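I will jot down what I look up, one entry at a time.

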Amino acid sequence: MSLKQNLHNLKEKYKGTKMAPAFNAIHTFLYLPNEVTHGGTHIKAADDLKRTMNIVIMALVPCLLFGMFNAGYQHYAAIDSSLRTDVLANFFTMDNFWIGIIKVLPLVIVSYGVGLLVEFIFAVIKGHEVEEGYLVTGMLVPLIVPVDTPLWMLAVAVVFGVVIGKEVFGGTGMNILNPALTIRAFLFFAYPTWMSGDKVWVYDAVNRTGTADAISGETILGSYAQNQEVVYSTFDKFMGFIPGSIGETSTFLILIGAAILIFTKIGSWRIILSAFVGAAVMGLIFNQVVAADIITDSSKFYGLMNTPWWEHLTIGGLAFGAVFMATDPVTGSQTNKGKWIYGFLIGFLSIMIRVFNPAYPEGVFLAILLMNVFAPTIDHYVVQANVKRRLKRTKVKTA
Amino acid sequence: MSKDIRIKKGLDIKLVGVAEKNTTKSSQSSVYAVKPEDFHGIIPKLIAKEGTEVKAGEALFYSKSDARILFPSPVSGKVVAVIRGARRKVLAVKITADATQTYKDFGTKDASAMSAEEVKNHLFEAGCWPFVKQRPFDVVANPNQAPKAIFVSAYASAPLAADLDYTLAGKEVALQAAITAVSKLTEGKVHVSVGAKANSPLAKLTGIELHKVSGPHPSGNVSTQIAKIDPINKGEVVWVITPQDLVVIGELLLTGKLNLTRTVALTGSQFSKPHYVTAIAGATIATVTANNLKDDNTRIISGNVLSGKEVKADEFLGYYDNQITAIPEGDDYEFFGWNKPIFNKISTSRALTFSWLTPNKKYDLNTNTNGEHRAFVVTGSYEEVFPLDIYPMQLLKACMYKDIDEMEALGGYEVAPEDFALTEFICVSKQPHQKIIREGLDLMREELG
């Protein structure tokens, strides 16, 4: 008997039992189910949620691979800064990638393992199918944490994020906050020392603290926030040869991901574009404030306010957040007009938080979480405009 | 407001199996059936008991809400069975047809000389009232309300739809008689829409407001046209009649007989020879599709692939339908079907789906759902195929949580289930949109009348 037939027989065997959702999750991973339409349209378009989520994962893969190389590169470059003189020669090396394998891959495995386990448990308890939402979340999470994040910490955060961020609301499609950012926020507020400072962004820097081999690597945002000189070139910043969370450093690859999402119509170009515009506008405002001498270099806000507006777009997590986080259709605005406003405010607030919160300048995750909460409000007013237009039509008639 | 209608949002689903333009006569079925469920929202009260002899045009049952609304037998013969379901609900009235058909004579009429009341009573008497449907709610019209306009869409944009220019050719006289009659029923206009490039037999009728329609499906849906011409507001009613039903009304006026024979398109990849046949409403599917189907693993649909009804060979042609579609069942697994590149299915995204490369290709789609049912996740995709000024997902959700005020505010009066067929087709979460809207409209009708 073929694999197809064997699996079909097993499906029939498990039907109606507690194990059915768990089995079906694996079965439908291998085979598109044999379900046929009933009652409504007799034909259906080719896309399902698995395909949609799969595209997002594929758009993230370049960032993940780059992050694996970058994990090694930042480690070795922190030990021997001469490596930075010829980035291209010293970046794509097997040594660097090996650090990625031993440091980044375990984060990915823990994220998926723990998250999917929680999903399976909930699916079995509640008797619904295992939903695909976590496939993307599980990939996002390791990309937005520092490379030295302990695995147990990540596991705790994932359990929190999936249960409180998503399952309590009813699972994929029902959540209010982006689950990946909920996990990030949990990590940030529960273990702040592991999420900021100049040690966590470089592999082994924490272990070596206080020893003769001590190394460190401050993020660019961190340097600016402390009004320090930044040593990286614009090219480095744009291409991503800089310390930061694993997957968010390369604006170049993020833009490629954005191109994939927009071309496949999976991600909203409205949100992505307006988030960049919002960030640029806020950056410009701060640049003008500095230009008008309202703020001088003695101010603690000076470093980030003086950062050129276009540079804000390439540093920190802004690009990654705008492309992969803000575009989450469940937690974002759902109307096309709302998406413009929602994206713009995310960009705008990200830079504002960045500047006014020098202790932790990475504002984008807070901005997105805040806008997640306000997305239904934005949609409400957009929809009300439609309702009013309809009411007005009636009034014109009766008048 | 411009008279012509152009829409951009929508989707033409191009399928294999367009009906060839030749018409044969299907042999007469031995049994015909009238199913009350074809008339949504009607509770039938039987007139013809089992064993009664009826002529074509004689009433089988009437509507519980208005005893004047009669539902006629399409053929002459004997009522052999009244099929009942749970709680004795009437599912079908079956009639064995006589070899030679006899028609009840309703007398010829001169439409132009009739008053509105006379037209109405004539339609009641001859069982033609069910052809008049109303918006809001998409049900058989309530004769006590005055419609602000009457809409006729003679442009069929649904997948593989019967070409009305072909099926109605030569029926101009009957159509004109019907238009003259029904135009008495409204103070407003009778809006007729035809395809922009078409040569429609309805284009030259008098007493109508003609609109030329262009753009992808659902440009032929009457809701789309109403929305562009004269949108329905709260408290307003419009009536809708299909052109093939106008022909029946016209022939009734001209000949005094109710002749429910219509030209039916046999379409879809599972027909060996997709073409047109003439058949009487309520005919057995098997006699209409005789020896034309390719194999057994076939979904037969009375109507089109988006809004039609699944039927078996021994079931019956729907009362309003002028199309039978046959497509392959999709009850098989597909290895890695969710992530491999797809060339043989339609998609509005480009998520490793490549139908955007070949916009004119005809597809042989089957009935597979291409994925499992999920909660709403993706946003913004429905709007691309939904031309009305309505937020489709918000209205669907209002229907799901049964908030009548919100349904009303979001445009519930302006839609019919068929308007949500395209959003249902492209829905990534495989939600049953038409069913959700139907239930929502039923609830609104119950609560708001």
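How many helices and strands does chain B have? I looked this up before anything else, keeping in mind that the model is predicted. I found ten helices and 21 strands in chain B.

**Overall form.** Next I checked the radius of gyration of chain B, which is 21 Å, close to the 22 Å that the globule rule gives for 449 residues, so chain B is as compact as a globular protein of that length. Along the principal axes, I see its C-alpha atoms filling a box of roughly 65 × 50 × 50 Å. I also noted that 55% of the 449 residues in chain B are buried. Then I turned to contacts between residues at least 6 apart in sequence: in chain B, 70% of them join residues at least 24 apart.

**A sheet.** I picked out an open, antiparallel sheet of three strands in chain B, ordered E4-E6-E7. Strands E4 (44-46) and E7 (70-72) of chain B each have a single partner strand, so one side of each has no neighbour in the sheet. On average, neighbouring strands here are turned by 35° against each other, direction ignored. One pairing I wrote down is Tyr62(B) with Leu70(B), its bridge partner in E7(B).

**A helix.** Is helix H7 of chain B largely enclosed or left open? Seven of the nine residues of H7 (residues 392-400) are buried, so this helix is largely enclosed by the rest of the structure. Among the buried ones I listed Pro392(B), Met393(B), Leu396(B) and Cys399(B). After H7(B) comes Lys402(B), and I noted its positive phi, near 55°.

Note on methods
Residues are numbered from 1 along each chain as its sequence is written. Chains are lettered from A and ligands numbered from 1 in the order in which they are written. This is a predicted model: local features need pLDDT of at least 70, side-chain atom pairs count only at pLDDT 80 or more; totals for chains, interfaces and linings use all residues. Two strands pair if DSSP finds at least two bridges between them. Helices (H or I, at least four residues) and strands (E, at least two) are DSSP runs, numbered from the N terminus. Axes are lines fitted to C-alpha atoms, for helices over the stretch in contact, and angles run from 0 to 180 degrees between N-to-C directions. A residue is buried if 20 or more other C-beta atoms lie within 10 Å of its own, exposed if 12 or fewer, and partly exposed in between; C-beta atoms are placed from the backbone. The radius of gyration is taken over C-alpha atoms; the globule rule is 2.2 Å times the number of residues to the power 0.38. Two residues are in contact if their C-beta atoms, placed from the backbone, lie within 7 Å.
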